[in-house]
Amino acid sequence: MPIVENESATPFTINQNLSYFYTANENNIFALEVQHQLQDEDPFYVSSIENLDQDPNNNVDGFDSAADVLGLDKSQQFYTLEQDRRVKSNQLDAKLDYYYIINNKSNFNFVGGTILSKQNFDSRFFQLLDNGSSLDPTLNIPNLANPSTTNDVEYNFTDIYAGMRYRVKAGIFTFRPGFTAHSYNINNTQVGAITDFKDSFTKILPELNIIAQFKKSESLRFNYRQQVNFTDVNQLAEGIVARSYNSFFFGNNDIMNARVESMSLNYSSFNLFNNMFVFGGLNYNKTMEQIASIADFVPDANNPNVRSNVSTNTNLNLPYDIESISAFGRFTKTFRKIRTSLAASFSDSQAYQLFGTETTKLNTQSYSITPGIRTNYTKAPNVSLNYRASFSDQNRTELSTNNVSNFKSVTHAPSINFDAYIWNSLTLTSDFTYNEVRQNGQHQNSFKIWDLSLSYRKDKDAKWEYEFQASNILGTESRVSVNNGNISNSINETFILPRLVTFRVRYQL
């Protein structure tokens, strides 16, 4: 069943910025920042799907069941779907900072500002018939009352805020506690919605920054922050929006803001005396009432227990908190002309997947380790050896039945890189990587990539340079990667260009 998709657009964005700094005296400093943005987006989407059987009473083609849900004319030779959209955005950000310097160890920072945003969203979804006329279909979306093929939405958002931060230095520590008080106002009107959405509230958001400066080259930093995240008009428009021929989206006029709490701890140390570098960090994030997507696949009319690959999506505020924690570190040590390194990372995240009335809780743990060694000669050839092992373990729990499934993947990727500068005129580089992917203990794919480059320049002042390049020398056809996502777990195969040899000539002016 041939499928053709196309999207055209002529968007534009105009940004205007103003920054002004004024020092009244050594104790009083002012900073003004203003940004204004105008944006206009007009994507036009077209998809054409051949309808092999034009009998409206039969559902033979794979898209016929979706055509029933979308209310399309099934007697046409092609399902030609078109959608025009127009999104206009007008936003002004203005902020004034005032710094009162008490002494060289402490100061106050007072801030006040506003964000004014207005967005308009208009769209129309229709079917282009074989005779050139258009049809506004009557949608039959399950579990969706009064679905519409058009959007006419105006979204207004206002944030007026004021805050204070106090910075003080005591010994090796620097403390900067603070807070910002926000007054939010949201007003969303759209044609066809039962009621307009209005919401006004205030929120005090605390923050804290602590720095422990053990030495000039060694420090420990802690950050704590609370935020309120808002959506935009694209998530609010309740009329149908075609993301592709097999994915259709409906917004939610009642979406609320999400609240985010985050903490981070970072350590860094660089010692020139023994050529050692250490860097590590720990991050924690918690999101409350996160905006999430609900997917529902269109059932096959011939077999209601089988779902097609055409999905409808809408959104809502999750009733569950989303948490994630991650850690990473890197250690580098140089011994004369040999540089060694060791990097590692770990993450543990919790998310939720919604399909129709079913909710699945996902716990994903991912970690990796990458040791490496490299020579560091000025004139002699250099070799770099690296090995990366990455692991992913995901548990999926269906909340209605408490059924648990597990998805594990492992990737091993050793590599070797070689580069040499010979006779002050010839440069040789070679890169070789081997990858092996395993999923649930089963070998899925292994591939090798080898690239080579050889270039000649008579001397550093020469105008001419001649280069020979060979990519994918071993002729590898494809490579595979494993992805553990919130919506689906997938094994992706990427096809690689065949062996390619090129000769290049450069002339430097």
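I started with the rings and got 18 aromatic pairs. My rule: rings of Phe, Tyr and Trp (its six-membered ring) pair if their centres lie within 6.5 Å, with planes under 30 degrees apart counted as stacked, over 60 as edge-to-face and the rest as tilted. Phe108 and Phe110 make a stacked pair, with 5.8 Å centre to centre and 20 degrees between the planes.

A note on what I'm looking at: this is a predicted model, where local features need pLDDT of at least 70, side-chain atom pairs count only at pLDDT 80 or more, and totals for chains, interfaces and linings use all residues. Residues are numbered from 1 along each chain as its sequence is written, and side-chain values use heavy atoms, with hydrogens and water left out.

**Rings, continued**

I then looked up Tyr367 and Phe391, whose ring centres are 5.1 Å apart with planes at 20 degrees, so I logged a stacked pair. This one links distant parts of the chain: Tyr367 is in strand β20 (residues 358-375) and Phe391 in strand β21 (residues 382-398), 24 residues apart. For the names, helices (H or I, at least four residues) and strands (E, at least two) are DSSP runs, numbered from the N terminus. Tyr367 comes out partly exposed at 38% relative accessibility, and Phe391 is partly exposed at 27%.

Back to Phe108 and Phe110: they belong to one aromatic cluster together with Tyr22, Phe30, Tyr98 and Tyr166.

**Charges over rings**

Which residue lies over the face of Phe126? I found Arg124 there, at 4.2 Å from the ring centre. To count, NZ of Lys or CZ of Arg must be within 6 Å of the ring centre and within 35 degrees of the ring normal. Lys333 does this over Phe335, at 5.4 Å from the ring centre.

**Salt bridges**

My search of the whole structure turned up 12 salt bridges, each a side-chain nitrogen of Lys or Arg within 4 Å of a carboxyl oxygen of Asp or Glu.

Arg124 shows up again here: its partner is Asp136, and the closest N and O atoms are 2.9 Å apart.

Next I noted Arg438 with Glu436, closest N and O atoms 3.7 Å apart. Arg438 is partly exposed at 31%, whereas Glu436 is buried at 17%.

Then came Arg506 with Glu465, at 3.8 Å between the closest N and O atoms. Arg506 lies in strand β28 (residues 500-507) and Glu465 in strand β25 (residues 464-471), so this bridge ties together parts 41 residues apart in sequence. Arg506 is partly exposed at 37%, but Glu465 is buried at 15%. Shared partners join Arg457, Glu465, Glu467 and Arg506 into one network.

**Pocket and cavity**

How much space lies in the largest pocket? I got about 930 Å³. The search runs on a 1 Å grid over the protein atoms alone: a cavity is a set of points where a 1.4 Å probe fits but cannot get out, a pocket is an open set with protein on both sides within 12 Å along at least five of seven lines, and lining residues have an atom within 4 Å of a point. A volume is the space filled by probe spheres set on the points, which are joined across faces, edges and corners.

The largest pocket is lined by 41 residues, and the closest to its centre are Ile115, Asp159, Tyr161, His182 and Arg225. Strand β11 gives the most to this lining, with 7 residues.

I also found 1 cavity of 30 Å³ or more, and the largest cavity has a volume of about 90 Å³. Its lining includes Tyr155, Phe197, Asp199, Phe230 and Asn257.

Key
Buried means under 20% relative accessible area, exposed over 50%, partly exposed in between (1.4 Å probe, protein chains only).
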